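Here is a short briefing for a reader new to this structure. Take a look at the model, then work through the points by topic.

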Amino acid sequence: MPRSTRIVGGLLAAALLAAGCGSSDSGDNSAGRPATEDVELPECPVGALDSAAGPVDVTVWYQLSGKAGDTFEAQVAAYNASQDQVRVTAELQGVSYDELLRKYEQGIPSRNLPDMLVAEDTATRFLIDSDTVFPAQSCFDADGLSTDGFAEAAVNHYTVGGAMWPGSASLSNLLTYYNKNHFRRADLDPETVPATLAEVREVAETIKAAGITETPVVLKMDAWFVETQLTGDQQTMVDNDNGYGPDETTEATFDTEVTQEIFDWIKSMIDDGLMTPVQATDGNFDHYLAMANQNASITIETSTAATSVVAFLGGDTSVAAELGRGAADADAEALDIGAGQVFGLTEPGQAQIGGNGFWMMSTSTDEQISASWDFMKWWNEVDQQVTWNIEGSYLPFLDAAAEDPRVQAFWSDELAGKWLSIAYEQLQDGDPDFTGALIGPYDKFRIAMRDAMAAVAFQGADPATAITQAAEQTTQALQDYNASL
């Protein structure tokens with residue numbers, strides 16, 4: 001039976017669970033993903049909330065920092081105040097999505113889980129296979145609602161077995177952030193952002209030659225940089241239609257000349273003193289600090305950093321405190337930070353889907369599932385989506401929110417909004433059927449890719465050898481994962 005058209009139990013290693021239900025075979029839609037009728041969806045208890053004896057308490061686990069975290073907590077409080085049937089308690093879990101997922105994974109054997117989970121998009125395949133999440137498609141169908149009004153790329157990204165699994169999504173992608181003052185001092189156009197790897201090198205050489213910074217580029221050695229470059233160039237990371245096909249995903253496909261080009265660029269930039277690599281460890285903001293202290297001119301980061309960066313530039317001490325050592329001493333008034341489309345191999349703006357999905361748990365009671373779905377419907381309304389963009393920096397999941405006059409004014413008049421409009425344009429211009437990979441052991445893949453990048457960046461390893469090793473480790477992780485199902 002095709003792996004992507006079944007809902008199975010199971011976890012890696014010691015967290016193995018009993019198997020779930022099966023489904024029928026056959027049938028792909030135009031995006032190459034199995035049709036909805038191929039998945040045996042459970043019935044959504046949408047009416048259970050109305051028959052509950054009193055307010056239903058539900059818990060949501062999340063990991064969001066900066067202005068996004070503040071906004072999320074405020075939104076939860078606003079929902080609780082808007083009605084008296086549901087009480088949502090938001091619980092912060094760790095400093096990274098990885099830590100959040102580890103906490104969730106640890107709770108699976110005992111079913112010590114929340115009612116909702118705000119998890120990174122990379123967790124999608126794992127969560128479905130864990131047999132602990134409730135498909136939101138069931139609730140969309142039960143309420144007669146369509147996903148047509150949501151961002152097409154995001155719906156495709158979270159559609160597995162023909163079903164839309166999370167009830168909502170927070171969308172982001174990467175942007176190039178740069179110091180306009182450094183560009184001016186180097187006689188570069190401060191409004192022209194380098195578009196490709198080659199152009200970044202040229203700009204860095206010019207800035208370095210002008211004596212403005214020793215190493216003009218600072219880059220976190222995280223897997224998402226390579227992933228974005230590969231997705232933007234329409235390169236798969238795994239077989240089986242990048243994990244979305246009807247068969248079992250069994251091997252890595254990124255040991256290619258394209259990946260070699262990316263790794264060669266990283267190594268040459270470091271060897272030539274044009275880039276400072278930063279370790280991809282939880283809570284490491286050294287690339288932010290390098291920009292804040294004007295020790296670097298160019299970096300890449302998520303679009304959700306927009307409101308936090310602007311707040312920092314405006315003297316927000318809470319943001320400086322979160323960044324940690326050295327941030328409070330930065331001269332924010334001397335900075336003129338700009339943002340543009342993320343640079344790519346051959347053209348800019350070709351970013352993959354990032355962000356998180358809002359998941360409901362199948363381990364909850366009918367009343368709790370109904371209450372969670374009520375919260376998600378509320379979250380998907382225009383007002384909440386507008387707030388999530390303007391204050392939380394996430395791109396609208398709801399198409400109507402992007403067209404709202406408040407968002408349009410924000411994107412036109414405010415610095416953070418202008419940056420987010422660039423990210424939204426990237427989202428709209430990307431291929432909605434090629435949004436990134438679907439990988440069960442995504443965490444293992446990212447560890448392998450990070451280790452490969454770190455070996456090249458910090459140990460001077462041969463790029464080809466590092467890539468081959470990462471591909472072999474990813475293939476082994478896929479085989480182990482498949483065996484655990």
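Contact here means heavy atoms within 4.5 Å. By that rule, and leaving out residues up to four places away in sequence, F72 touches V60, Y62, L64, A90, V118, F358, W379 and W388. The model is predicted. It holds 20 helices and 13 strands.

**Overall build**

- The protein has 485 residues, and buried residues make up 58% of them.
- Take the contacts between residues at least 6 apart in sequence: 76% of them join residues at least 24 apart.

**Nonpolar cores**

- In general, nonpolar side chains of soluble globular proteins tend to be buried together.
- The largest nonpolar core counts 91 residues. F72, V88, Y104, L117, L127, W359 and F375 touch the most other members.
- There is also a second, separate core of 54 residues. Among its members are V193, A204, W265 and A470.

**Aromatic rings**

- The structure contains 24 aromatic pairs.
- One of them joins F375 and W379: the ring centres are 5.8 Å apart and the planes stand at 45°, so this pair is tilted.
- F375 and W379 both lie in helix 14 (residues 366-379). They are four residues apart, which means about one helical turn separates them.
- An α-helix has 3.6 residues a turn, so residues three or four places apart point the same way.
- Are F375 and W379 buried or exposed? Both are buried.
- Ring pairs also build a cluster, linking Y62, F72, Y79, F358, F375, W378, W379, W388 and Y394.

**Helix 15 and W388**

- Helix 15 spans residues 382-390. Its buried residues are Q384, Q385, V386, W388 and N389.
- What covers these buried residues? The cover includes helix 1 (66-82), strand 7 (168-172), helix 14, helix 16 (399-402), helix 17 (405-413) and helix 18 (415-429).
- W388 sits in helix 15. Its relative accessibility is 1%, so W388 counts as buried; the cut-off is under 20%.
- Not counting residues up to four places away in sequence, W388 touches L64, A68, T71, F72, Q75, S170, W379, S393 and Y394.
- W388 and K67 are 321 residues apart along the chain. Their C-alpha atoms are separated by 10.0 Å.

**Helix 8 against helix 19**

- Two packed helices are described by the angle between their axes and the distance between the axes.
- Helix 8 (residues 223-232) packs with helix 19 (residues 442-459) at an angle of about 100°, and the axes are 8 Å apart.
- That angle is why helix 8 is roughly perpendicular to helix 19; the range for this term is 65 to 115 degrees.
- From helix 8, the residues A223, W224, F225, V226 and E227 take part. They meet Y442, F445, R446, M449, R450 and M453 in helix 19.
- How do the residues of this contact of helix 8 with helix 19 divide, and how many are charged? Eight are nonpolar, none is polar and three are charged.

**Positive phi in two loops**

- Most residues other than glycine have a negative phi.
- R111 has a positive phi, near 60°, and is not a glycine. R111 lies in the loop between helix 2 (97-107) and strand 3 (116-120). With a relative accessible area of 37%, R111 is partly exposed.
- S393, also a residue other than glycine, has a positive phi near 75°. S393 lies in the loop between helix 15 and helix 16. With a relative accessible area of 0%, S393 is buried.

Key: Residues are numbered from 1 along each chain as its sequence is written. This is a predicted model: local features need pLDDT of at least 70, side-chain atom pairs count only at pLDDT 80 or more; totals for chains, interfaces and linings use all residues. Side-chain values use heavy atoms; hydrogens and water are left out. A nonpolar core is a set of buried Ala, Val, Leu, Ile, Met, Phe, Trp, Tyr and Cys residues joined through side-chain atoms within 4.5 Å. Buried means under 20% relative accessible area, exposed over 50%, partly exposed in between (1.4 Å probe, protein chains only). Axes are lines fitted to C-alpha atoms, for helices over the stretch in contact, and angles run from 0 to 180 degrees between N-to-C directions. Angles under 35 degrees count as roughly parallel, over 145 as roughly antiparallel, 65 to 115 as roughly perpendicular and the rest as oblique. Ala, Val, Leu, Ile, Met, Phe, Trp, Tyr, Cys and Pro count as nonpolar, Asp, Glu, Lys and Arg as charged, and the others, Gly among them, as polar. Rings of Phe, Tyr and Trp (its six-membered ring) pair if their centres lie within 6.5 Å; planes under 30 degrees apart count as stacked, over 60 as edge-to-face and the rest as tilted.
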